[in-house]
Amino acid sequence: MPERAHILICAGAACISAGEESFKSALEKELKEAKIYEEVKIIETGCFGTCDLGPVMVIYPEGIFYIRLKPQDARDIVNEHLLKGRVVERLLVREPELKIFLPTINELPFFKNQVRIALRNVGFIDPLNIEEYIAREGYSALGKVLTEMTPEEVIEEVKKSGLRGRGGAGFPTGIKWELGRKAKGDEKYIICNADEGDPGAFMDRSILEGDPHSVIEGMLIGAYAIGAKKGFVYIRAEYPLAIKRLTYALEQAKSYGLLGENILGTNFSFDIEIRIGAGAFVCGEETALIASVEGKRGMPRPRPPFPVNSGLWNKPTVINNVETWANIPEIILKGADWFSSLGTEKSKGTKVFALAGKINMTGLIEVPMGITLREIVYDIGGGIPEGRKFKAVQIGGPAGGCIPAEYLDTPVDYESITSLGAIMGSGGLIVMDEDNCMVDVAKFFLSFTQDESCGKCVPCRVGTKRMLEILDKITKGDGEIRDLEELEDLANVIKNTSLCGLGKGAPNPVLTTLKYFRDEYIAHIKDKKCPAKSCIALIHYEVIREKCRKCSICFKNCPVGAIFKDYDGTYVINQEKCTKCGICFQICPFKVIKKE
Amino acid sequence: MKKLTIEELKKIREKAQTEIQARSPEGKDRIVVHMGTCGIAAGARETLLAILDEIEKRNLQNVIVTQAGCIGLCEYEPIISVQKVGTPKVLYKYVTPEKARRIIAQHVINGQIVTEDVLSTE
């Protein structure tokens, strides 16, 4: 019988690590004890997106949203909610300003302001059950293209929708497919790029974990359009759960005859294999990815020839990112006009962003293109914690850039973001507040790309290293004003002469911070001060002597014994011994230790 | 499993859609069983099970069942309310499993209120 209540528990990687599994078994035990186990259905879904509140779950039909669940909460949920129909208030989301509870999932501003296309099923269906995907119109789009559309019509529809690559560069998907269709070759390939590597970005992982069939269906449609018989999903080994669920979904699709020979009784045949990468960032670059799929060392090569003409084993190959593939079935079903009604003139549809950093609701969101950064940060993300001041948002991963507060009202689309010096990238969005030093942020991203440089071309291999050395010098207080010029020179050379996107994008975090936060660089160099009080070499701690209450707590807690008692009983920090760990600053009950 | 055709895919879709219908309560008739301590003591559990059984037997697609707490009229328990889409909510009193089955047949399916068991209407 159809169960009267459906319990959707988030089984995304974040909720699992927050204890989802032990909560679920406690819940099952309580349901059995209350003898209502048969009346309810427990579904483990993909990521809801509210990663900060995990483990989370929703109980339907009411749609009640419970957060931060512990095994001991299971009893109340079963006895109060499921048996007696009383909502367990203490587990609801609380609206911080109004101090009211927000019981249902649709009331949360986080969900209310989203438009979900790529994430349409993530968090709503069981990713391990193909029938739940089918219930949500899954594989209808495939049926439609195989019976009602020619490959050219499919390509035309995708072109008309205005969909652009969601992996970063924003190349129009329909045009790529058209080139792939026209390319000469007896054999053609489709690749799904799931080598998501930007720090803080996890949208591709969440789609593969929460709705793998949407990617499979997208690839099937793409294969039909360009005339490919074989596809690969290139995914990194660091995503074991995504690999597990995708493998399972591929097998299910095969057993239903949705992959393999003569799909849905037509003469279209297609199969997908998984290729697991070792997690090198550069393998997200398409030519390096192809080399890796072929079993070679993952290094980029100069383009042209482009993969659409000569890709995998020198055959025409269309590569699209996970999120792009997941959009395809909806575009076919609902039509290009519907899709292109969302977004801006040149950027259509929606984009998934991973919110991270100094923001109240860290997690995953999908919003229409053209929404402003302010709406993302404040209306959906709930603003900056503890009322601190917004400083910048780093968008687009290590090849992206920092956008300062004065551009908060910029609409988010490919062109506007690029004009500010950042890139849309895969959609990593890291929010920074006044405590973040922008020189340090630039250094962090540059050290990431420097580390991940494959070493093939000189500008990237040597240039990023030199840039990093200069940044290191500046954060240590040894910078000179002419270093800034040299940074810019190096950055421009690297940008213009690197072989692939990794090198071309690597200077962006430095260039944007130099452009918008030059005064911070100058403060580091001239005043030897870090305005955000974050660069350890440029700060020091001191006890304000006249205010010291002589409680000795700092003295007792200093891990290196750098605090001593002076003749008058007050405490003093020995600057030579101090490692600037900040423990005394945090622990002083009277707040009389200053940080400068 | 043998290969699917478009027709078979459609059949799977229809069947699977009924299975996940509890997840989209919008636009569905709603039966609420009041399950306070008083309700449970008066036999609301049995009433609830009878309702679920009847929904399954009759294969009703457009009905969701939820529970609510005590509404302060403990004497009339078990109480259920029925709200068909677009019509006012009706509260029924002393709903035994037998009465529940009748309410489903008469009110939920045919849209005729079972007047003698009504506690109040909205």
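The model is predicted: local features need pLDDT of at least 70, side-chain atom pairs count only at pLDDT 80 or more, and totals for chains, interfaces and linings use all residues. Residues are numbered from 1 along each chain as its sequence is written, and side-chain values use heavy atoms, without hydrogens and water.

The contact (heavy atoms within 4.5 Å) involves 42 residues from chain A and 33 residues from chain B. Together the chains bury about 3200 Å², with 60% of it on carbon and sulfur atoms. This buried area is the accessible area (1.4 Å probe) lost on putting the two parts together, summed over both. Three salt bridges cross the interface; the term requires a side-chain nitrogen of Lys or Arg within 4 Å of a carboxyl oxygen of Asp or Glu. One salt bridge links A:Glu132 to B:Arg23 (2.8 Å, N to O).

On chain B, the elements giving two or more residues to the side that touches chain A are helices H1 (6-19), H2 (37-41) and H3 (44-57) and strand S2 (63-68). Helices (H or I, at least four residues) and strands (E, at least two) are DSSP runs. H1(B) supplies the largest share, nine residues.

In chain A, strand S1 (residues 5-10) is largely enclosed by the rest of the structure, because six of its six residues are buried. Buried means under 20% relative accessible area (1.4 Å probe, protein chains only). A:Ala5, A:Ile7 and A:Ile9 lie on one side, and A:His6, A:Leu8 and A:Cys10 on the other. S1(A) runs parallel to S2(A) (residues 40-45), joined by six bridges. There, A:Ile9 has A:Glu44 as its bridge partner. With S3(A) (residues 57-60), S1(A) pairs in the antiparallel sense over four bridges. Pairing requires at least two DSSP bridges between two strands.

How values were computed: Chains lettered and ligands numbered in written order. Buried < 20%, exposed > 50% of the residue type's maximum accessible area, 1.4 Å probe, protein only.
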